[in-house]
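Subject: Handing over the structure

Dear colleague,

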Amino acid sequence: IRRPPRSTHCISSAASDVYKRQVYNAQKKKQIRRQIERMEEIEETMKYAAVLQRQIPPLSRRMHEGLSKFVELDLPFRKGERTERLKFIKDALDNPTVSPAEKLRQVLEGFNVEAEYGRKIDTYKDTVIIDGQDREVNILRVGRMVLAYQTTDLDETGIWNKETNSWESLPGRYQRPVRDGISMAKKLKTVDMLELPIPAAEVIQ
């Protein structure tokens, strides 16, 4: 009995199916390998993130302590505002519902605000002790170089002495520069040169 010849079309179709299956399997293997590599990357990232999560809280607290010490030793301007900001950051650090990232952000924001103080001229009303009496004054701050006061009646002008940590009176020739500086800080006058006494730079041993 003679068998009919095998169909060339059937052989071609079967070979094509095998080839497609091989290509499909190869693609799947690549996808699986990429997925495994990706999972390994994610696992490594999670390990690194876990380490950061543990390191951020103590880092934030050390930075807050450093910032608090800096404010304590700095010129005594806007003390209430700065103390309140430090307390706000401390409360965030002590709050277990605040994420470590947010705690760090709050500390960094505190540093940014302090840095801005050093680049601006500012004025505000305050009460200082002059000759043992409380006097209402206008404070003039020029960056962190000069912190001066002038009584509201313009009768007396003074400056903060870093060495003695106290206010001291200035000669009469500084009345107008301080008054002009206050006007500039209030944007009532165009910013211009001011003749003000600048304390000598500290020598670092």
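The largest nonpolar core has twelve residues, namely Leu75, Phe77, Val113, Tyr117, Tyr124, Val128, Ile130, Val137, Ile139, Leu147, Tyr149 and Trp160, where a nonpolar core is a set of buried Ala, Val, Leu, Ile, Met, Phe, Trp, Tyr and Cys residues joined through side-chain atoms within 4.5 Å. Two or more residues of this core come from each of helix H3 (100-117), strand S1 (121-130), S2 and S3, and S1, with three residues, gives the most. A second, separate core has ten residues, including Leu140, Val142, Val146 and Ala148. As background, nonpolar side chains in soluble globular proteins tend to be buried together.

Please keep in mind that this is a predicted model, in which local features need pLDDT of at least 70 and side-chain atom pairs count only at pLDDT 80 or more, while totals for chains, interfaces and linings use all residues. Residues are numbered from 1 along each chain as its sequence is written, and side-chain values use heavy atoms, with hydrogens and water left out.

The overall picture

The protein chain has four helices and five strands, and these follow the pattern α-α-α-β-β-β-β-β-α along the sequence; helices (H or I, at least four residues) and strands (E, at least two) are DSSP runs, numbered from the N terminus. Of the 205 residues in the protein chain, 29% are buried, and here buried means under 20% relative accessible area, exposed means over 50%, and partly exposed is in between (1.4 Å probe, protein chains only). The accessible surface comes to about 15200 Å², and 54% of that surface belongs to carbon and sulfur atoms; such areas come from the Shrake-Rupley method with a 1.4 Å probe, and for residues only the protein chains shown count as cover. If you take the contacts between residues at least 6 apart in sequence, 43% of them join residues at least 24 apart, a contact being heavy atoms within 4.5 Å.

Strand S3 and its partners

Strand S3 (residues 146-151) is mostly covered, since six of its six residues are buried. Val146, Ala148 and Gln150 lie on one side of S3, with Leu147, Tyr149 and Thr151 on the other, and both faces are covered. Strand S2 (residues 133-142) pairs with S3 in the antiparallel sense over six bridges, where pairing requires that DSSP finds at least two bridges between two strands. Within this arrangement Arg141 stands opposite Leu147, and in the hairpin of S2 and S3, which has three residues between the strands, Gly143 takes a positive phi near 55 degrees. S3 also pairs with strand S4 (residues 157-161), again in the antiparallel sense, over three bridges, and Gly158 in S4 is the bridge partner of Tyr149. The hairpin of S3 and S4 has five residues between its strands, and Leu154 in the turn has a positive phi of about 65 degrees.

Two residues and their contacts

Which residues does Tyr124 touch, if those up to four places away in sequence are not counted? Tyr124 touches Pro76, Phe77, Arg78, Val137, Asn138 and Ile139. Ser60 lies in helix H1 (residues 8-73) and counts as buried, at 1% relative accessibility. With residues up to four places away in sequence again left out, Ser60 touches Leu93, Lys103, Leu104 and Val107.

Salt bridges

The structure holds 18 salt bridges, each being a side-chain nitrogen of Lys or Arg within 4 Å of a carboxyl oxygen of Asp or Glu. Asp74 and Arg82 meet in one of them (2.8 Å, N to O), and both of these residues are buried. Asp74 also forms a salt bridge with Arg144, with the closest N and O atoms 2.7 Å apart. Arg144 lies in the loop between S2 and S3, whereas Asp74 lies in the loop between H1 and helix H2 (79-94), so the pair ties together parts that are 70 residues apart in sequence.

Another salt bridge joins Asp122 and Arg141, whose closest N and O atoms are 3.7 Å apart; this pair links distant parts of the chain, with Asp122 in strand S1 and Arg141 in strand S2, 19 residues apart. Asp122 is buried, with a relative accessible area of 14%, and Arg141 counts as buried at 2%. Asp122 and Arg141 also belong to a network of salt bridges that links them with Arg78, Glu81 and Arg85.

With best wishes
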